[in-house]
Amino acid sequence: MADDELYYHVDGDLVPAAEASVSVRDRGFLYGDAVFETVRVYGGELFRWADHAERLADSAAAISLDHGLSPTELGARVTETLEANDLADAAVRLSITRGVGSGGLTPDPEVDPTVVIQVEPLPRGGVNAEPVREGPATLQTVKTRRVPDAAIPAAAKTHNYVNGVLARLELRVSDADEAVMLDGDGHLAEGATSNVFFVDGDALRTPSLDGPVLPGITRAEVLDIADAEGIPVTEGSFTPDDLRNAAEAFLTGTTREIRPVGTVDGIEVGGGPVTTLLQRLYDARVERECYGGQRLSDGRSDD
Ligand code: PMP
């Protein structure tokens with residue numbers, strides 16, 4: 001389906017994607033004064049919608065954006081958009097901006113938010129199906145540091161992604177797939193649009209949310225699977241060398257799910273049994289919850 005055949009949802013109305021627009025005076029455009037979520041739809045089900053809706057509410061609260069829309073109302077708009085496009089497997093981007101203000105940087109106390117829902121077809125990936133984003137990812141640790149939490153709350157998913165854009169620009173020479181940013185002290189933070197995990201011995205490691213790290217929905221899912229499987233996990237403070245020397249590493253994110261890492265700064269890391277197990281169990285949850293409860297061929301349960 002070509003982009004211009006899609007319908008988006010703008011301020012309560014379904015409009016052809018090519019005609020979907022917001023004001024140039026919108027604060028989301030002017031200042032990145034907006035929050036958003038990207039949600040995956042599998043088999044017509046909004047995967048982990050409650051978690052995304054909660055993070056969206058937390059993001060809005062973190063920037064004092066009182067938009068007045070309930071998760072139910074937002075969910076209904078998303079469903080309406082998916083139905084209008086006849087999409088069962090898709091990625092959804094839901095943005096809420098502080099709308100058009102009276103001028104200047106200081107927000108008005110009263111907000112008339114702009115709500116935009118964009119959808120795109122995204123066939124299901126995962127280990128049991130045609131992979132959408134194929135192959136192990138190449139990572140590069142970049143010079144651009146992750147914006148500190150004290151500057152912009154890392155837990156808030158705002159439209160302000162210039163930090164990640166600068167990180168990705170650094171990849172132009174190496175042509176790596178993802179930029180890994182460090183915090184102000186030189187410890188691992190996260191990818192430009194992903195959380196980072198690695199395997200040390202039999203244990204899973206990932207930067208803790210004490211650092212400038214987005215609390216990824218997929219990250220939380222992986223931690224939940226690890227807990228159910230008895231895989232030990234340390235959420236802590238790690239160095240780039242910890243990642244480079246890891247036995248296995250992978251990225252997590254809503255659209256990329258669990259993506260194995262091939263190299264970090266040109267050093268071979270590779271996937272392995274822990275990554276494969278987690279991918280399979282993640283896939284089993286999607287299968288069970290969104291496609292009618294089929295079990296994996298080996299009959300193994302994921303809980
Ligand atoms: N960190 C950043 C900065 C991101 O943009 C994303 C993508 N939303 C992630 C991590 C992964 O989060 P999630 O699993 O919720 O998609």
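Colleague: Hi! What covers the buried residues of α2?
Modeller: Hello! This is a predicted model, and in it the cover over the buried residues of α2 includes β3, β4 (45–46), α3 (71–84), β5 and α6.

Colleague: Which residues of α2 are the buried ones?
Modeller: They are Trp49, His52, Ala53, Arg55, Leu56, Ser59 and Ala60. These residues sit on the same side of α2 because they cover an arc of only 165 degrees around the axis.

Colleague: And how far does α2 reach from its first C-alpha to its last?
Modeller: α2 reaches 20 Å with its 14 residues, close to the 20 Å expected at 1.5 Å a residue. Just after α2, serine 64 takes a positive phi of about 50 degrees.

Colleague: You mentioned α3. Which of its residues are buried?
Modeller: In α3, the buried residues are Leu74, Arg77, Val78, Thr81 and Leu82. They share the same side of α3, because their arc around the axis is only 135 degrees.

Colleague: What does the face of α3 turned away from its buried side carry?
Modeller: That face carries the exposed residues Thr72, Glu73, Ala76 and Glu83. Just after α3 comes aspartate 86, with a positive phi of about 55 degrees.

Colleague: Let's zoom out. What domains does the assignment give for the chain?
Modeller: The domain assignment gives domain 1 (3–121) and domain 2 (137–290). Taken over C-alpha atoms, their centres are separated by 26 Å.

Colleague: How many residues of each are in contact with the other?
Modeller: On the domain 1 side there are 23 residues, in contact with 16 residues of domain 2. The elements giving two or more residues to that side of domain 1 are β3 (34–42), α2 (49–62) and β5 (90–97).

Colleague: Which element gives the most there?
Modeller: β3 does, with eight residues. By type, the residues on the side of domain 1 that touches domain 2 divide into nine nonpolar, seven polar and seven charged.

Colleague: New topic: the ligand. Which residues come nearest?
Modeller: Of the 13 residues around the ligand, the nearest are Leu214, Gly216, Ile217, Thr218 and Thr254. α6 (217–229) and β13 (248–253) are the elements that give two or more residues to the shell.

Colleague: Which of those gives the largest share?
Modeller: α6, with three residues.

Colleague: And how do the shell residues divide into nonpolar, polar and charged?
Modeller: The shell around the ligand has two nonpolar, nine polar and two charged residues.

Colleague: I'm curious about alanine 249. Where is it found?
Modeller: Alanine 249 is found in strand β13.

Colleague: Is alanine 249 buried or exposed there, and why?
Modeller: It counts as buried, because it has 28 C-beta neighbours inside 10 Å, and the cut-off for buried is 20 or more. Leaving aside neighbours within four places in sequence, alanine 249 is in contact with Phe197, Phe198, Leu243, Val261, Val264 and Val269.

Colleague: How far apart are alanine 249 and glutamate 289?
Modeller: They are 40 residues apart in sequence and 26 Å apart in space, C-alpha to C-alpha.

Colleague: Last one: where is threonine 275?
Modeller: Threonine 275 is in helix α8 (residues 273–290). It counts as buried because 24 C-beta neighbours lie inside 10 Å.

Colleague: What is threonine 275 in contact with, leaving aside its neighbours within four places in sequence?
Modeller: Threonine 275 is in contact with Glu248, Phe250, Ile258 and Pro260. As for valine 180, threonine 275 is 95 residues from it in sequence and 19 Å from it in space, C-alpha to C-alpha.

Notes:
Residues numbered from 1 in each chain as written. Predicted model: local features only at pLDDT ≥ 70, side-chain atom pairs only at ≥ 80, totals over all residues. Domains from an automatic or database assignment. Contact = placed C-beta atoms within 7 Å. Helix = DSSP H or I, 4+ residues; strand = E, 2+ residues; numbered from the N terminus. Nonpolar A, V, L, I, M, F, W, Y, C, P; charged D, E, K, R; others polar. Near = placed C-beta within 6 Å. Buried ≥ 20, exposed ≤ 12 C-beta atoms within 10 Å, placed from the backbone. Expected span 1.5 Å × (residues − 1). Arc of directions from axis to C-beta.
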